[in-house]
Amino acid sequence: MPKLRESPQQKFYNGLTKDIQKKMIDAGVGRKELADRACIHYNTLSKRLKQPDTWIMWELVAVMTILKMDLGGIYETVAT
């Protein structure tokens, strides 16, 4: 059976997860610390990173703000 292509939505979420994980490494922040600082339960953060299509907007904004990520990039990607 041939390999199926990722949908644009799936590609976006996979890229988002990779970006968040890269920023966590760059900032030296672990999952536990990030979850505490973002006021998100550790298990919830872990689930969001494993299944990125389950993000709730306020959680994503909190995580991206802590990691000093560009929120405008998400808007541009989703809007197109």
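The protein chain in this predicted model averages a pLDDT of 87, and 86% of the residues score at least 70, where pLDDT stands for the predictor's confidence in each residue on a scale from 0 to 100. Among the elements of the chain, helix α2, residues 31–37, has the highest mean pLDDT, at 96, whereas helix α5, residues 71–79, has the lowest, at 64. Because this is a predicted model, local features need a pLDDT of at least 70 and side-chain atom pairs count only at pLDDT 80 or more, while totals for chains, interfaces and linings use all residues. Residues are numbered from 1 along each chain as its sequence is written, and side-chain values use heavy atoms, with hydrogens and water left out.

Let me turn to the overall layout. The chain has five helices and zero strands, and from the N terminus on the elements run α-α-α-α-α; helices (H or I, at least four residues) and strands (E, at least two) are DSSP runs, numbered from the N terminus. Of the 80 residues, 30% count as buried, and here buried means under 20% relative accessible area, exposed means over 50%, and partly exposed lies in between, with a 1.4 Å probe and protein chains only. The chain exposes about 5900 Å², of which carbon and sulfur atoms supply 56%; these accessible areas come from the Shrake-Rupley method with a 1.4 Å probe, and for residues only the protein chains shown count as cover. If we take the contacts with a separation of 6 or more, residues 24 or more positions apart account for 46% of them, a contact being heavy atoms within 4.5 Å.

Now to helix α3, residues 42–50. Which of its residues are buried? They are Leu-45, Ser-46, Arg-48 and Leu-49, and because they cover an arc of only 160 degrees around the axis, they sit on the same side of α3; the arc is that of the directions from the helix axis to the C-beta atoms. On the other side of α3, Asn-43 and Lys-50 are exposed. The cover over the buried residues of α3 includes α1, which spans residues 8–27, together with α2 and α4.

Helix α4, residues 57–66, has Glu-59, Leu-60, Ala-62, Val-63, Met-64 and Ile-66 as its buried residues. One of these, Glu-59, meets the side chain of Arg-48 in a salt bridge, at 2.7 Å from N to O, a salt bridge being a side-chain nitrogen of Lys or Arg within 4 Å of a carboxyl oxygen of Asp or Glu. Glu-59 lies in helix α4 and Arg-48 in helix α3, so this pair ties together parts that are 11 residues apart in sequence. Are the two partners buried or exposed? Both Glu-59 and Arg-48 are buried.

By this rule the count comes to three salt bridges, and I will take the other pairs in turn. Asp-36 pairs with Lys-32, with the closest N and O atoms 3.7 Å apart; these residues are four apart in helix α2, so about one helical turn separates them. Asp-36 itself counts as partly exposed, at 48% relative accessibility. Glu-33 pairs with Arg-37, with the closest N and O atoms 3.5 Å apart, and these two are likewise four residues apart in helix α2, about one helical turn. Glu-33 is partly exposed at 38% relative accessibility, and Arg-37 is partly exposed as well, with a relative accessible area of 46%.

Next, the surface. Met-57, Val-61 and Leu-71 make a nonpolar surface patch of about 260 Å². Patches are made of residues with over 30% relative accessible area and no salt bridge, in which like charges are joined within 9 Å and nonpolar side chains (Val, Leu, Ile, Met, Phe, Trp, Tyr) within 5 Å.

Lastly, two backbone points. Where does Cys-39 sit? Cys-39 is found in the loop between α2 and α3, and although it is not a glycine, it has a positive phi of about 60 degrees. Cys-39 is exposed, with a relative accessible area of 63%. The place of Lys-68 is in the loop between α4 and α5, where Lys-68 is exposed, with a relative accessible area of 70%.
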